[in-house]
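Here is a set of questions about how the labels on a structure are reached. Each answer sets a value against its cut-off.

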Amino acid sequence: MSLRVDKKLAEFLREVRNTSPDQKIYLVGGAVRDLVLGKTVKDLDFVVADGSVELAKIVKRHFHGVWYSLDDEHQSARVILKQGDADELVLDFTAFIGETLEQDLRQRDFTINAMAIDLDNMEEVIDPLGGQNDLRDGKLRLGSPQSLISDPLRVLRAVRMVRTLELSHTLEITEKLRVASKGLNRISGERIRDELLKCLALPNLSLTYELLKDYGILDQLLHRTSEQESLKKLLADSPGENLTKIDDDFEQSFLQTLEKVILYIEKEDPDSSDFDLCPVSISLPDILKKLNKNFRETLQGGRTRKQLLILFAFFFPHYSDYLADNQKEVDSNCLAFAESITNAFMLGQKEKQFFELVCAGYWEIFSLDQEARVSALQIYRYFRRVGSYGVESALLHLVNYCASSSLLPEKISIADAIIFTWFREQTKIVDPPRFVDGDDLQKILHLNSGPELGFYLESIREAQVTGEVKTRDEALAYVTRLIGERK
């Protein structure tokens, strides 16, 4: 098949070729697949017989990019061009696995990814396994009988290929995927994390969930998290059934509703919803815009709050009964959950804090839900405990109730009030202005430094929230009264 490469990309590839005229350079893998499909490509994988790391360094210098090693053993290196820009390009360079290009291609995951282009002849696709025919016929076929066993991470890639390209496959391949998924325990957390996040970013979360469960991947991911020391101890001390024994219908509804709410927020259009949105504050235009900005905030490793929220929602239902088994230990249970997810997928400390506080906020809302009407002081204390991540907790609470067949409108009023307060009443309730500080209390009221200062300062802020204190003088008078009452 003759391939037509976009003129701008073709010029770029020729320039890459000219950086090392004495060696053959091939474009391989997903980039070739996407070019065959007529898609835009931003990630380019190159292979050479030898000297891939040296080639990467040459390309980095030529294009003034960023270079780093990926895998010394397999001579794999990455170059990033125009890093952070909208037209950023990621170039990976690797040496052949095997003696020839064809041997390399035959060891790849699926036939649709086992194609190459010789940069000296960009019109022809090198396709020894019939990947183009499989793309045309919408079929997923393995590159070799050992394709999945040799690298079990490919079972997650299969989910992505099936979902993205709407591929069919045989029951035999399904069974091979189930067998290979048991090998995920020997794959590093970083590799699983990155591939899982790609899967969870695909449209229709519930379909992704179904495939992960059908291929046996879900069980392996749950096993990986539950075997982490923190959760292992919690689960050993808690009675309960197998973790995967949750209501599948509700889980599907929960993920579908979460996705709809996220899409609604991302559109920033109050009238864009194609479903019966719960009557909550997120339908206000300014709050929609601020929620979407929240979603895009990165916490660590370039991962966003939206990605972490979806990851949280994916695992949390399987552990929720254990985490709330003892209400007095919710904080320690949420910490155990956060540590296990973080360790299992090699996330960072900021991400661990996200999981811990979203979990704590979620259960805190349940305790507030017992009140007839949530007060401003309760919301203030809620945010003092969980910070801005309390917004995600409230969103999940709304999703939970919206996904339930027995939705009661009054049950969502507290989560609604929490979201409204965070975005509309920051200075009034969430973070009232400080009329006095510790130095003022020491100089004017002659208090000594120590824990008591913190108690009085926090008492002032709570009195501001309830309306008892409105000025600096009232703040000092309030502390004077407290000192008298405590004598």
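Q: Why is Cys 199 called buried?
A: In this predicted model, Cys 199 has a relative accessible area of 0%. Buried means under 20%, so Cys 199 is buried.

Q: What makes the pair Cys 334 and Cys 359 a disulfide?
A: The distance from S to S is 2.1 Å. A disulfide needs two cysteine sulfur atoms within 2.5 Å, so Cys 334 and Cys 359 are joined by one. By this rule the count comes to 1 disulfide.

Q: Why is the disulfide of Cys 334 and Cys 359 given a hand, and which one?
A: The torsion about the S-S bond is about -65°, so the disulfide is left-handed.

Q: Which parts does the pair Cys 334 and Cys 359 tie together?
A: Cys 334 belongs to helix α16, residues 330-344, and Cys 359 to helix α17, residues 349-368. The pair therefore ties together parts that are 25 residues apart in sequence. Both Cys 334 and Cys 359 are buried.

Q: What makes the contact of Glu 392 and Arg 305 a salt bridge?
A: The N to O distance between these side chains is 2.8 Å. The rule asks for a side-chain nitrogen of Lys or Arg within 4 Å of a carboxyl oxygen of Asp or Glu, so Glu 392 and Arg 305 meet in a salt bridge.

Q: Where do Glu 392 and Arg 305 lie?
A: Glu 392 is in helix α19 (residues 390-403), while Arg 305 is in helix α15 (residues 305-323). Parts that are 87 residues apart in sequence are therefore tied together by this pair.

Q: Are Glu 392 and Arg 305 buried or exposed?
A: The relative accessible area is 1% for Glu 392 and 2% for Arg 305. The cut-off for buried is under 20%, so Glu 392 is buried, and so is Arg 305.

Q: How do you know that Arg 157 forms a salt bridge with Glu 195?
A: The closest N and O atoms of Arg 157 and Glu 195 are 3.8 Å apart. The limit is within 4 Å, so the pair counts as a salt bridge. Arg 157 lies in helix α7 (residues 154-165) and Glu 195 in helix α9, so this pair ties together parts that are 38 residues apart in sequence. With 5% relative accessibility, Glu 195 counts as buried.

Q: How many salt bridges does the structure hold?
A: It holds 31 salt bridges. One of them links Asp 34 with Arg 33, with the closest N and O atoms 3.2 Å apart. Asp 34 and Arg 33 are buried.

Q: Why is Leu 70 called partly exposed?
A: Its relative accessibility is 38%. Buried is under 20% and exposed is over 50%, with partly exposed in between, so Leu 70 counts as partly exposed. Leu 70 is placed in strand β3, residues 66-71.

Q: Which residues make a nonpolar surface patch with Leu 70?
A: Val 66 and Tyr 68 make the patch together with Leu 70, and its area is about 220 Å².

Q: Why is Val 90 called buried?
A: Its relative accessible area is 15%. The limit is under 20%, so Val 90 is buried. Val 90 is part of strand β5, residues 89-95.

Q: What makes Ile 187 a buried residue?
A: A relative accessible area of 7% is under the 20% limit, so Ile 187 is buried. Ile 187 lies in the loop between α8 (171-181) and α9 (189-200). From C-alpha to C-alpha, Ile 187 and Glu 229 are 18 Å apart in space, and they are 42 residues apart in sequence.

Q: How many cavities of 30 Å³ or more does a search of the whole structure find?
A: The search finds 2. The second largest cavity has a volume of about 30 Å³, and its lining includes Phe 435, Leu 457 and Ile 460.

Q: What is the volume of the second largest pocket?
A: Its volume is about 500 Å³. It is lined by 18 residues, and the closest to its centre are Asp 6, Lys 8, Leu 9, Val 41 and Leu 89. Helix α1 (residues 7-18) gives the most to this lining, with 3 residues.

Methods
Residues numbered from 1 in each chain as written. Predicted model: local features only at pLDDT ≥ 70, side-chain atom pairs only at ≥ 80, totals over all residues. Heavy atoms only, no water. Patch = residues over 30% accessible without salt bridge, like charges linked within 9 Å, V, L, I, M, F, W, Y side chains within 5 Å. Areas by Shrake-Rupley, 256 points an atom, 1.4 Å probe, with all protein chains shown as cover. Helix = DSSP H or I, 4+ residues; strand = E, 2+ residues; numbered from the N terminus. Buried < 20%, exposed > 50% of the residue type's maximum accessible area, 1.4 Å probe, protein only. 1 Å grid on protein atoms, 1.4 Å probe; cavity = no way out; pocket = protein on both sides within 12 Å on 5 of 7 lines; lining within 4 Å. Points joined across faces, edges and corners; volume = space filled by probe spheres on them.
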